[in-house]
Amino acid sequence: MTRLTTEFWVQAYLQRLNLANIPAFVTQKGDLTAGAVIVKLNTLDGDAQAFERSFDLEKGQRAWIGMAVGCEAEVDMSIQRQKSFDPDLWVIEVEDKQGRHLLDEPGLA
């Protein structure tokens, strides 16, 4: 199975968010080819969530799972811990009061 580079996936994801009028920003750029990605969803009310890609053994496919949820400062600390031991990590911050991140849409797993 051919895999997309991380940079290509990130650009496609940002474009999908843009088309849905959902602001998003790359806050850390990682390895262009194979860096892991964390998506932080900021609901602009003091709370946030962070998602990381994992492999769902039951379904036999990749899936986004929650890695942190709570006040934004706690989620930021969790992301900072990940960044401290993975210099190739990408972090994307999505800002949406409605809590939309589009990670559950086809093609984004």
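**Notebook: loops, fold and core**

I started in the loop between H1 and strand E1 (24-28), where I found Asn 21. Helices here are DSSP runs of H or I with at least four residues, strands are runs of E with at least two, and both are numbered from the N terminus. This is a predicted model, so I kept to its limits: local features need pLDDT of at least 70, side-chain atom pairs count only at pLDDT 80 or more, and totals for chains, interfaces and linings use all residues. Residues are numbered from 1 along each chain as its sequence is written, and side-chain values use heavy atoms, with hydrogens and water left out.

I looked up the backbone of Asn 21. Its phi is near 60 degrees, a positive value in a residue other than glycine. Is Asn 21 buried or exposed? Asn 21 has a relative accessible area of 66%, so it is exposed. My cut-offs: buried is under 20% relative accessible area, exposed is over 50%, and partly exposed is in between (1.4 Å probe, protein chains only).

I found Leu 44 in the loop between E2 and strand E3 (47-56). Phi of Leu 44 is near 60 degrees, again positive in a residue other than glycine. With a relative accessible area of 46%, Leu 44 is partly exposed.

**The whole chain**

Next I listed the elements. The protein chain has 2 helices and 5 strands. I read their order from the N terminus as α-β-β-β-β-α-β. The C-alpha trace spans about 40 × 35 × 30 Å along its principal axes.

I checked the radius of gyration, taken over C-alpha atoms. A compact globule of 109 residues would be near 13 Å, and the protein chain has 13 Å, so the two agree. The globule rule is 2.2 Å times the number of residues to the power 0.38.

Of the 109 residues, 34% count as buried. I then looked at contacts, meaning heavy atoms within 4.5 Å. Among contacts with a separation of 6 or more, 69% come from residues 24 or more positions apart.

**The core**

I turned to the nonpolar cores. A core is a set of buried Ala, Val, Leu, Ile, Met, Phe, Trp, Tyr and Cys residues joined through side-chain atoms within 4.5 Å. The largest has 17 residues, and Trp 9, Tyr 13, Val 37, Ile 92 and Val 94 touch the most other members. Helix H1 (6-19), strand E2 (37-42) and strand E5 (90-95) each supply at least two residues of this core. H1 gives the most, with 5 residues. Apart from this core lies another, of 9 residues, including Ala 48, Ala 50, Leu 89 and Val 91.

Trp 9 lies in helix H1. Trp 9 counts as buried because its relative accessibility is 6%. Leaving out residues up to four places away in sequence, I found Trp 9 touching Val 37, Arg 53, Trp 64, Ile 92, Leu 103, Gly 107 and Leu 108. I also checked Ala 109, 100 residues along the chain from Trp 9: their C-alpha atoms are separated by 9.9 Å.

Which residues does Val 37 contact beyond its neighbours within four places in sequence? I listed Thr 6, Trp 9, Val 10, Phe 51, Glu 52, Arg 53, Trp 64, Leu 89, Trp 90 and Ile 92.

Thr 6 is in helix H1 too. Its relative accessible area is 6%, so Thr 6 is buried. Not counting residues up to four places away in sequence, Thr 6 touches Asp 31, Leu 32, Thr 33, Ala 34, Gly 35, Val 37 and Trp 90.
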